[in-house]
Amino acid sequence: MKILLVEDELRLAEALTQILQKQGYQVDMTGDGVEAQDYAETGVYDVIILDRMLPHKEGVEILKHIRKNGIMTPVIFLTAKDALPDRIEGLDAGADDYLVKPFSKDELLARVRALGRRSVNMLPKDRILVASLELDIKNCEASCLGTKIKLTATETQLLEFFMRNKGFVLGKEQIFDRVWGFEKEVEIACVELYVFYLRKKIDFSSCGVSLDTIRGVGYCLKEVINDT
Ligand code: CA
């Protein structure tokens, strides 16, 4: 599960990042309001933890903006004040839950789990099946008609993203953001490279699946329907 953490108190942000990573979540962190909005708008997160008071753009404004643009990622709003109007303002702006600082780490984790279950990008299973292609996410292994294929962690994440979104065209940037996050040293060309690796390792058509290139856009994994 991928989480966007928006918090400008650096020590708190680092502590929360560690706590979340320990649970096996992937975390992207920023303390800047404008940057947070850019990240949130990619739509690649399962849960967003959003602080209220931020430099350059406030949490409420970010929330209103992304909801207006159709981003429905579950949001936990962090607020330092316990005043009722602040909580109502957050919920009215489109937050799914809120936490009043200071909060316990267990409470935060419980709420992240609860919202994660609601997220469309997230399924509780460790295995996904599309036609005869099965992906074992924990063990980084694909299997097709009894043949097991070992994958790298990155290949697994990429294939998982394709399979969870079967039938949908995924843009290269969207794929890049989801799988590689905001690692600045990696270039977007790696999307093509890793699709090449996947196609080399997996005989998609024999599993009843196609991984199509959509020219100028990205890729789409589909179940192949035989008319015969
Ligand atoms: Ca703050």
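**Values and terms in a predicted model**

Me: What makes Asp-8, Asp-51 and Met-53 ligands of the calcium ion?

Reply: A donor is an N, O or S atom within 2.8 Å of the metal, or 3.2 Å for Na, K and Ca; water is not among the atoms, so sites may look incomplete. Asp-8 (OD), Asp-51 (OD) and Met-53 (O) coordinate the ion at 2.1 to 2.3 Å, so they meet the calcium limit. The spacing of these donor residues in sequence is D-x42-D-x1-M. Asp-8 is in the loop between strand 1 (2-6) and helix 1 (10-22), and Met-53 in the loop between strand 3 (47-51) and helix 3 (59-68), so this pair ties together parts 45 residues apart in sequence.

Me: Why do Asp-8 and Met-53 count as partly exposed?

Reply: Asp-8 has 35% relative accessibility and Met-53 has 47%. Both values fall in the intermediate range, so the two residues count as partly exposed.

Me: Why is helix 7 called roughly perpendicular to helix 8?

Reply: Two packed helices are described by the angle and the distance between their axes. Here the axes of helix 7 (residues 172-180) and helix 8 (residues 189-201) come within 9 Å and cross at roughly 80°. Angles of 65 to 115 degrees count as roughly perpendicular, under 35 as roughly parallel, over 145 as roughly antiparallel and the rest as oblique; helix 7 is therefore roughly perpendicular to helix 8. Axes are lines fitted to C-alpha atoms, for helices over the stretch in contact, and angles run from 0 to 180 degrees between N-to-C directions.

Me: Which residues make the contact of helix 7 with helix 8, and how do they divide by class?

Reply: Lys-172, Ile-175, Phe-176 and Trp-180 of helix 7 meet Cys-190, Val-191, Glu-192 and Tyr-194 of helix 8, contact meaning heavy atoms within 4.5 Å. The division is 6 nonpolar, no polar and 2 charged. Ala, Val, Leu, Ile, Met, Phe, Trp, Tyr, Cys and Pro count as nonpolar, Asp, Glu, Lys and Arg as charged, and the others, Gly among them, as polar.

Me: Why is Ile-175 counted as buried?

Reply: Ile-175, found in helix 7, has 0% relative accessibility and therefore counts as buried. Not counting residues up to four places away in sequence, Ile-175 touches Leu-158, Phe-161, Phe-162, Leu-170, Trp-180, Val-191 and Tyr-219.

Me: What makes helix 6 roughly perpendicular to helix 8?

Reply: The axes of helix 6 (residues 153-164) and helix 8 come within 10 Å and cross at roughly 90°, an angle that makes helix 6 roughly perpendicular to helix 8. Thr-154, Glu-155, Leu-158, Leu-159 and Phe-162 of helix 6 make the contact with Tyr-194, Val-195, Tyr-197, Leu-198 and Lys-201 of helix 8. By class, the contact of helix 6 with helix 8 has 7 nonpolar, 1 polar and 2 charged residues.

Me: Why does Leu-145 count as exposed, and Ala-131 as partly exposed?

Reply: Leu-145, in the loop between strand 8 (141-144) and strand 9 (147-150), has 60% relative accessibility and so counts as exposed. Ala-131, in the loop between strand 6 (127-130) and strand 7, has 33% and so counts as partly exposed. Neither is a glycine, yet phi is positive, near 50° for Leu-145 and about 50° for Ala-131.

Notes: Residues are numbered from 1 along each chain as its sequence is written. This is a predicted model: local features need pLDDT of at least 70, side-chain atom pairs count only at pLDDT 80 or more; totals for chains, interfaces and linings use all residues. Side-chain values use heavy atoms; hydrogens and water are left out. Helices (H or I, at least four residues) and strands (E, at least two) are DSSP runs, numbered from the N terminus. Buried means under 20% relative accessible area, exposed over 50%, partly exposed in between (1.4 Å probe, protein chains only).
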